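Take a first look at the protein below. The report that follows walks through its core, its rings and one of its helices.

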Amino acid sequence: MRDAIGRAVRRAIASGALPGPEDAVALDALIQGIEVEVPASSDHGDYASNVAMKSSKLLKRAPAQIAAAIVAELAAETGERIHGGDGALGPIASADVAGPGFLNVRLRAGLLADLLDAMIAAPSAWGHLTHDAKEKPLRVNVEFVSANPTGPLTVGNARGAFVGDLLSRVLEAAGQEVTREYYFNDFGEQVRRLGESVIALRDGAAVAEDGYKGDYVAELATAIPPEVATRASAARASGTTNADEDEVAVIGKWASERIRLGIEASLAALGVEFDVWRSEGSLYTEGFVDRAIEKLRAAGWLEERDGALWFKSTAFGDDKDRVIKKSTGAYTYFGSDIGYVEEKFGRGFDHLVYVWGADHHGTVARVRNAGEALGYAKEHMEMLLVAWVRFVRDGVEMSMSKRAGTFVTLDELLGEIGVDSARWFFASRSASTAIDFDIKAATARNSENPVYYAQYAHARMKSILRKGEAEGMKASESIGDLLNDEAAPDAKLARVIVRLPEVVEDAAAHHETQGVTTYATELATAFSAFYRDAKVVDASAAKLSSQRLRLVAAAATSLAAALRLLGISAPAEM
RNA sequence: GCGCCCGUAGCUCAGUGGAUAGAGCGUUAGGUUGCGGACCUAAAGGUCGUGGGUUCGAGUCCCGCCGGGCGCACCA
């Protein structure tokens with residue numbers, strides 16, 4: 001639709017109906033940015049655009065005049081294909097000018113039927129945007145969770161896990177090639193502290209003040225396999241002072257890998273699976289950090305000061321310069337981050353997304369600055385900051401202290417509320433908003449919880465299809481004339497069904513999934529209204545029944561596709 | 001003090017500079033002989049924190065203020 005209007009604008013200018021602008025670049029930007037929306041009231045047509053008002057200044061004509069010229073061109077438009085469909089789709093039925101210059105467009109009734117038929121012909125592709133085959137898909141790296149494996153994931157990690165996975169799914173649906181990546185620290189202070197804590201408990205000693213004290217540490221202490229214990233005692237006997245080889249290192253490394261496997265299992269239970277697990281240590285052993293530093297040094301972005309190595313981040317607008325290598329000779333996390341940027345782009349990604357907790361916002365500027373200094377464009381390094389979640393039960397905030405041992409693990413939470421509920425909850429809220437998660441409301445298996453509303457509608461659609469089958473009815477081969485009456489319940493439902501591709505496009509463009517949950521709810525609501533007003537399985541009206549069975553099948557396909565996009569199950573029965 | 005995020009209905013939250021600001025829950029009043037009542041219809045409920053500005057048009061963009069969250073290390 002956007003394209004159709006854009007072409008109409010260009011043709012109107014080419015034909016002299018509208019004056020050409022002096023600024024061709026501005027015209028391109030205008031056409032690129034044409035906004036098309038589904039009006040709140042159907043009196044305003046199926047689609048509306050404000051392009052005439054937007055372009056008024058640039059084209060030096062009154063909005064109404066511009067809109068009229070576009071309408072004339074649209075009337076001539078034929079063979080328009082929208083929604084990325086392959087079929088030969090019909091033209092726009094009518095377009096008119098309203099109010100201060102809104103362009104209101106109505107689709108030919110047959111178009112809706114064509115769209116539905118095309119969709120049913122390829123149900124598995126529904127909700128996935130098609131692309132020009134010549135166009136190479138964007139390669140995107142989405143790094144998320146990335147919690148260090150020194151303890152099980154807690155509910156605090158839940159939002160990042162879902163947000164990252166949901167974003168990945170939406171980008172994939174939009175035709176991008178996504179790599180899901182988990183970055184973790186398998187060496188250094190935290191892992192040593194973990195090793196020390198496990199050793200202390202193994203030996204019946206007290207855990208140090210800054211050590212890890214959760215129950216899982218005690219379990220680790222009793223689960224050290226013989227092979228690891230042998231290596232540990234050998235390391236101790238050798239009396240080595242090498243922090244990479246001593247007993248603490250051996251035990252710490254084993255414990256953290258074991259925890260990491262537990263994390264992997266927890267995430268898999270949420271339907272979150274990673275393509276790449278990248279350890280921080282490997283960035284050093286494989287030389288990425290050194291190479292990145294040499295690259296920065298050669299470009300003049302480094303400076304020795306007070307015995308430490310600094311990156312001149314202020315040259316890129318940061319508040320202060322940042323240390324890469326401390327005067328002790330040890331690298332900072334920032335050093336790893338720099339090596340990692342180099343490593344990721346080296347793998348050929350076009351775009352990097354980091355899903356970080358809101359507490360990381362202080363590091364956004366420095367990492368992007370370093371990326372720019374390494375020669376990569378800032379706009380290809382995107383940090384998605386995920387806001388805090390307060391977990392609330394009966395109106396009381398649950399305390400979440402690792403030190404006090406009162407934290408709730410992700411496994412516990414999901415055991416209580418279910419993956420579908422949790423996914424819906426996070427998908428329906430924007431990542432940047434701090435939210436309250438009411439565990440009681442999320443647990444309720446009733447109308448308080450919108451995810452069940454959508455799933456219920458799907459189960460009922462499937463139930464109708466089963467009933468039709470049981471009565472020997474078959475869905476018709478095409479939707480036929482079922483949708484000719486625009487005011488009938490059938491056409492109303494169909495208009496909602498076909499909107500999914502636009503919803504996916506918007507979600508991918510904005511990196512937000514709320515639109516998908518809204519769509520699922522709207523489709524479920526539209527189906528409820530249809531269900532109330534139209535009888536599907538009716539032995540006395542065979543043709544109508546078979547057409548409606550086809551319509552219901554299309555509704556089920558679209559609702560299931562929307563839910564699948566969110567990683568939520570679409571049950572046939574509940 | 002500086003920076004980032006946020007403030008929308010009683011509650012939890014949507015809202016792409018556009019037409020009458022929406023949804024779910026909660027409240028109130030109704031509905032089902034027909035395929036799943038985990039349902040449907042309707043009503044009440046809003047100075048979009050606040051004061052300016054930009055714009056033909058601002059919940060949306062800009063500035064100030066108020067309130068909340070999170071950061072401001074040669075920590076990890």
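Leaving aside neighbours within four places in sequence, which residues is Leu116 in contact with? They are Ile479, Leu483, Ala494, Ile497, Val498, Leu551 and Ala554. Keep in mind that this is a predicted model.

**Aromatic rings**

The structure has 20 aromatic pairs. One of them joins Phe162 and Phe426. The planes of these two rings stand at 20°, under the 30 degrees that marks the limit for stacking, so the pair counts as stacked. The partners come from distant parts of the chain, 264 residues apart. Phe162 sits in helix H6 (residues 158–173). Phe426 belongs to helix H16 (residues 419–427). Both Phe162 and Phe426 are buried.

Tyr354 and Trp356 form another pair. Here the planes meet at 55°, so the pair is tilted. Tyr354 is buried, because its relative accessibility is 4%. Trp356 has 11% relative accessibility, so Trp356 counts as buried too.

The two pairs are set out here.

| Ring pair | Distance between centres | Angle between planes | Arrangement |
|---|---|---|---|
| Phe162 and Phe426 | 5.6 Å | 20° | stacked |
| Tyr354 and Trp356 | 5.1 Å | 55° | tilted |

Rings also join into a group. Ring pairs link Phe144, Tyr182, Phe184, Phe274 and Trp277 into a cluster.

**Charges over rings**

Which ring lies under the charged end of Arg460? That ring belongs to Tyr531, and the distance to its centre is 4.0 Å. A lysine takes a like position elsewhere: Lys344 lies over the face of Tyr340, 4.2 Å from the ring centre.

**Helix H10**

Helix H10 covers residues 247–269, 23 residues in all. From first C-alpha to last, H10 reaches 33 Å. That is close to the 33 Å expected at 1.5 Å a residue. An α-helix has 3.6 residues a turn, so residues three or four places apart point the same way. What follows H10? Gly271 does, with a positive phi near 80°.

Conventions. Residues numbered from 1 in each chain as written. Chains lettered and ligands numbered in written order. Predicted model: local features only at pLDDT ≥ 70, side-chain atom pairs only at ≥ 80, totals over all residues. Heavy atoms only, no water. Phe/Tyr/Trp six-rings, centres within 6.5 Å; stacked < 30°, edge-to-face > 60°. Helix = DSSP H or I, 4+ residues; strand = E, 2+ residues; numbered from the N terminus. Buried < 20%, exposed > 50% of the residue type's maximum accessible area, 1.4 Å probe, protein only. Lys NZ or Arg CZ within 6 Å of the ring centre and 35° of its normal. Contact = heavy atoms within 4.5 Å. Expected span 1.5 Å × (residues − 1).
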